[in-house]
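Hi everyone, thanks for making time for this one.

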Amino acid sequence: MAVLAGKRGTFKSFISLHWSLLAATQGASVAMLSGEGAGLGRRVEAWRQANAPGLDVSALKFVAIEQPVNLNSVEMLQFVSDELVKLDGVDLIVIDTFSKFVGGLDENSNAEVAGFLSNISALMRDKLGATVLIVAHAGHSDASRPRGASALMANPDAEYIVDRPV
């Protein structure tokens, strides 16, 4: 499990899409949960034009859900996990962004965030044998860390902080 965090405008969502599509072009099966709203198709097409003009994107093992769902609900998390199992293997699951997929979770509560991450680990990472990448916003007063509880950066196996030089 990894976290990719950055302030608004640092292209963290596009970085996660880039990593996802690179993995898919190498044969990995990718599921992207995008809470950013519609428009992922345009981003994929822009990526294809810049990085792999001859690529038939429809041939990739890449699926996306372009609406937030409450993964803080164990029932919903179980449902999504069960649907992903039907894909005949998932190597990478991207949750973009953390705040869009946690329902009523208190992002500042270490106990609640740790519980959420534990459920994601058990019902997605471990159950599917997949890597989970969570995209998060940087802290308001400290852009060198994800916003909210320290558990968000303490519990995952890796953390990436992105910045955009001015």
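Before I read out the pattern, a word on terms: helices here are DSSP runs of H or I with at least four residues, strands are runs of E with at least two, and both are numbered from the N terminus. Please also keep in mind that this is a predicted model.

With that settled, the protein chain has five helices and six strands. Going along the sequence, they follow the order β-α-β-α-β-α-β-α-β-α-β.

Now, the overall dimensions. The C-alpha trace spans about 45 × 45 × 25 Å along its principal axes. A compact globule of 166 residues would have a radius of gyration near 15 Å, and the protein chain has 15 Å, so the two agree. Of those 166 residues, 44% count as buried. The accessible surface comes to about 8,200 Å², and carbon and sulfur atoms account for 51% of that. As for contacts between residues at least 6 apart in sequence, 75% join residues at least 24 apart.

Let's zoom in on two helices. How do α3 and α4 cross? The axes of α3, residues 74–85, and α4, residues 110–128, come within 10 Å and cross at roughly 10°. Angles under 35 degrees count as roughly parallel, so α3 is roughly parallel to α4. On the α3 side, the contact is made by Val74, Leu77, Gln78, Val80, Ser81, Asp82, Leu84 and Val85. Helix α4 brings Asn119, Ile120, Leu123, Met124, Lys127 and Leu128. Sorted by class, this contact has nine nonpolar, three polar and two charged residues.

That's my tour; happy to take questions!

Notes
Residues numbered from 1 in each chain as written. Predicted model: local features only at pLDDT ≥ 70, side-chain atom pairs only at ≥ 80, totals over all residues. Heavy atoms only, no water. Axes fitted to C-alpha atoms, helices over the stretch in contact; angles between N-to-C directions. Parallel < 35°, antiparallel > 145°, perpendicular 65-115°, else oblique. Contact = heavy atoms within 4.5 Å. Nonpolar A, V, L, I, M, F, W, Y, C, P; charged D, E, K, R; others polar. Rg over C-alpha atoms; globule rule 2.2 N^0.38 Å. Buried < 20%, exposed > 50% of the residue type's maximum accessible area, 1.4 Å probe, protein only. Areas by Shrake-Rupley, 256 points an atom, 1.4 Å probe, with all protein chains shown as cover.
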